[in-house]
Each structure stands twice: as structure tokens, then as C-alpha cells.
Amino acid sequence: MILAFDTFYFEDKAQTICLSFAEWKSERETSIYSDIVVGIEDYVPGEFYKRELPCILNLITKIDLTNVEFIIVDGFVYLDDDKKLGLGGHLYQKLGQKIPVIGVAKSDFAAIHSNKKAVLRGESKKPLFLTSIGIDLDEASNFIKAMHGEFRIPKLLKDLDILTKNV
């Protein structure tokens with residue numbers, strides 16, 4: 001099983017959604033999990049994980065992780081080439097380094113050069129930016145490329161983004 005997480009912020013709240021799916025080429029999710037957290041941390045540049053990680057961890061308590069092989073987060077695993085941990089890296093650590101995490105970001109993060117990969121999908125000239133921990137970056141890239149959908153953003157990740165904003 002693969003899990004994908006995204007969080008949307010509104011007022012002093014955050015809605016986190018998780019889609020689970022069976023394989024990388026899946027067209028539909030197998031389950032949808034959701035949670036709203038009230039009283040979230042303010043955004044601090046370079047410390048985004050302090051805002052979003054508690055939301056993801058709160059939702060994870062509702063999910064059986066026994067058969068989870070990979071987790072996708074909307075964001076970065078690393079924040080620089082010295083492997084300063086970002087959201088995905090902190091999540092990997094909190095889960096006891098047992099489940100590989102792939103960060104998929106729509107925008108580049110200039111401080112990372114060697115620990116990220118730009119991935120083009122479909123006809124798009126604009127890449128997605130991947131980082132990973134617990135899994136080889138090239139392998140993670142192949143998985144994201146294989147995801148269902150003909151556009152830049154895989155269908156399930158687009159669905160996740162839409163669900164997250166449906167408050």
C-alpha cells in the first residue's frame with residue numbers, strides 16, 4: 001500500500017487528507033482519510049515541518065501502517081545538499097525510519113542541488129521536484145513517472161490536492 005498526504009490551511013486550522021492506493025499505476029484510491037487540526041503553528045521559513053508534521057502524525061494515528069510500503073508528501077524530504085531534514089525527512093524519522101518517504105513538490109527549492117531530481121511527466125515542460133529518503137532517488141523518480149495520468153501531476157496527487165481544499 002502507498003499513502004499520499006497533503007494539507008490545506010485555513011483560518012487557524014489545517015485539513016490533512018491521505019489517499020491510500022495499491023500500486024503506482026492505480027487509477028483510484030482504496031481509502032480516503034481526513035482530519036482537521038485546530039490551532040496550528042505559524043509558518044516559519046525553513047521550518048515548515050513544524051507546522052505540517054503534527055497534522056500528518058495526527059492523521060496517521062487513524063491508519064494501519066502494517067502494509068504501507070511508501071509514503072508521498074507534498075513537499076521536500078531534504079532542504080539542502082547537507083541533507084538538512086524537511087517535512088518528509090522528519091516524517092521518516094518519526095516513523096522509525098521504517099517507511100520510505102518521497103517528497104513531491106511543484107516548485108523548486110534552490111538550496112538543494114544533488115539531493116533532488118526534476119521529473120517531467122506527460123507533455124509538460126515544467127517538472128515536479130522529487131526528494132526521497134529510505135529509497136533511491138532514481139527509483140522514486142521512476143515510481144512517480146509511472147503513476148496514472150497523462151499530465152504533469154499524477155491523477156491521484158491532483159485528486160488529493162482537490163480533496164484537501166474541499167473544506
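Trainee: Which residue caps the N-terminal end of α3?

Mentor: D136 does the capping, with a side-chain oxygen 3.0 Å from the backbone nitrogen of D138. That is a polar contact (a pair of N or O atoms within 3.5 Å; within protein, one must be able to donate a hydrogen and the other to accept it, and residues adjacent in sequence count only if both atoms are side-chain atoms). Keep in mind that this is a predicted model, where local features need pLDDT of at least 70, side-chain atom pairs count only at pLDDT 80 or more, and totals for chains, interfaces and linings use all residues. Residues are numbered from 1 along each chain as its sequence is written, and side-chain values use heavy atoms, leaving out hydrogens and water.

Trainee: Okay, and which residues of α3 are buried?

Mentor: In α3, residues 137-146, the buried ones are L137, A140, S141, F143 and I144. They sit on the same side of α3, because they cover an arc of only 160° around the axis. Buried means under 20% relative accessible area, exposed means over 50%, and partly exposed is in between (1.4 Å probe, protein chains only). The arc is that of the directions from the helix axis to the C-beta atoms. Helices (H or I, at least four residues) and strands (E, at least two) are DSSP runs, numbered from the N terminus.

Trainee: What covers those buried residues of α3?

Mentor: The cover includes the strands β4 (70-74), β5 (101-105), β6 (117-119) and β7 (128-133). Contact here means heavy atoms within 4.5 Å.

Trainee: What about α2, which residues are buried there?

Mentor: For α2 (residues 87-94), they are L87, G88, G89, L91 and Y92. Their cover includes α1, β4, β5 and β7. After α2 comes G96, with a positive phi near 70°.

Trainee: Switching topic: what is the volume of the largest pocket?

Mentor: About 500 Å³. The lining has 24 residues, and Y43, F48, D74, G75 and F76 lie nearest the pocket's centre. β1 (2-10), α1 (49-60) and α4 (155-164) each supply at least two lining residues.

Trainee: How many cavities of 30 Å³ or more are there?

Mentor: There is 1, with about 120 Å³ of space in the largest cavity. On a 1 Å grid over the protein atoms alone, a cavity is a set of points where a 1.4 Å probe fits but cannot get out, while a pocket is an open set with protein on both sides within 12 Å along at least five of seven lines; lining residues have an atom within 4 Å of a point. Grid points are joined across faces, edges and corners, and a volume is the space filled by probe spheres set on the points.

Trainee: Which elements supply at least two residues of that cavity's lining?

Mentor: β1, β4 and α4 each do. Among the lining residues are F5, I72, D74 and L157.
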